[in-house]
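Below is a short exchange on how the terms used for this structure rest on their definitions.

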Amino acid sequence: MTEEFEPKIVAFLCKWCSSAGSDLAGVSRMEYPPNVVPIQVMCSGSISPLYILSAFNRGADGVLVSGCHPGDCHYIKGNMYARRKLALVKKLLEHVGLESQRFQMSWVSAAEGQKYTQIIKDLVQQLKPLGPQTKLRRID
Amino acid sequence: MVKLEELRKEARRLLAEGEVRCIIGYLRNPADGKAVPGFIRKPEEADALVWDPTCFHNLARFLVDEKRRKAREKNPDTRPVGLVVKGCDSRAVVVLLQEKFIERGDVVLLGLSCEKTGVVDERKLAKAVPGRALRQVEFGGEEEFLVTTEDGQVRIPAGDVLADRCLECPANFPVLSDWLQGEKTKRAPAGLFASVEPFEARSTEEKWDFWLTQLRKCVRCYACRSVCPMCYCDECVVDTINLAVTPDTTAEEKAQKIRWVEKSPVDSENIFYHLVRALHLAGRCVDCGECERACPVNIPLRQLNKKMEKEAKTLFGYDVGFDPDTPALISCFRDEDPQDFIR
């Protein structure tokens, strides 16, 4: 009996936009895969690269970081810093040979429940063929 | 040409007039003919200073120790230190200034250009004169080094023994100095990112195989961290033992201390450590190559840092270590920063 691989995704969602966007998806009863573990952070700019590496280290198959659209940040420019910082993280992860699909970033506003569900659906679709993430995972 | 006598004269003057507390420069190690970092405290000792292609150490690291010393002593000598810098070292000082870790008045920079070539790589040099005891290495114009061994002098093409970083050096003269000797030349014989570019063409799995093989060797001695002028944090995030435990520390506090990365040298933790280090050095690493030189198991650590340097340059147009007045790479942004990877 072989079960289909279900990727585990850790999503860092900013409180003001993406988290509200995922909430909207929830209250609107939109259906999307249950593979995602949302973690609310105050701002996408507050996400340290350590969080992402740590998520992979503890066994996440994919990591999504989502914040407000540029210009809409509650803290004016937090997402602009995030964009720069996480671009470096993405490049580095690709450089050491992690599949580029495993770490993704998106802008989701509080009104974009539909977009959020679509992002999660696509992410799950992309991660399924890759199988479990074992490269950065800690072996206990 | 760098006139060594001029450097010694300047060092003597600075010490005699009491302008600096000491001079940190290069002395010759008589045992193997190579340079070693040394502290000159008296004017008459200044004649021991040397400048040759074996001066590969980055002395900017000592500024970190110097700052700690001042913080530790009750009545510290607050005079600046004189520091002998070559191109890469001066860029390290620029980054330390940029981050306001030190102040401009804390250091007197004695700049020396790399004589249009650069410094040698110890391992390459050992291969070029196999089994011969080294007496001295000298600059010999733009294309050669004069290597004196127990068997006499030989001329070795610079390209054969130059340190990898010198082949990709953006500016082999001090970009910041109070006193300067030598020519200002820019030459990167191999191209600025020559070591990274062929690697980027590899497939994901090839990249991973390469890094797994390399980072698996890591014994977590933290030599790379100890030798790095940019790794000056009092508390490193990868240390799991650095919670200040006092009699008042509760069990809960100890348990709550986040352990981002375990100390054990296993694959996942080694990779975590080196990725964290590369990210923390992004836009700060001046490519002095000390981490790679200090590494006892020959991990190509420069590759990771160079990749970050390349991305800083290509994505954000950021040059590391040239202007002390610009903000650090990740504490600024431009509206037109690329975001094609974001949905």
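Two residues count as in contact if their C-beta atoms, placed from the backbone, lie within 7 Å. The model is predicted, with local features needing pLDDT of at least 70 and side-chain atom pairs pLDDT 80 or more, while totals for chains, interfaces and linings use all residues. Residues are numbered from 1 along each chain as its sequence is written, and chains are lettered from A in the order in which they are written.

Q: How many residues of chain A are in contact with chain B?
A: By that criterion, 30 residues of chain A are in contact with 30 residues of chain B.

Q: Which element gives the most to the side of chain A that touches chain B?
A: Helices (H or I, at least four residues) and strands (E, at least two) are DSSP runs, numbered from the N terminus; α3(A) gives the most, with 12 residues, and α2 (49–57), α3 (78–95) and β4 (103–107) of chain A each supply at least two.

Q: What makes β2 and β8 of chain B stand at the edges?
A: Two strands pair if DSSP finds at least two bridges between them, and the open sheet of 5 strands has the order β2-β1-β3-β4-β8 in chain B, with mixed pairing. β2 (35–40) and β8 (179–181) of chain B each have a single partner strand, so one side of each is left without a neighbour in the sheet.

Q: How do you know that β1 and β2 of chain B pair?
A: Pairing requires at least two bridges, and β1 (residues 23–28) of chain B and β2(B) pair in the antiparallel sense over 6 bridges, with Ala35(B) in β2(B) as the bridge partner of Arg28(B).
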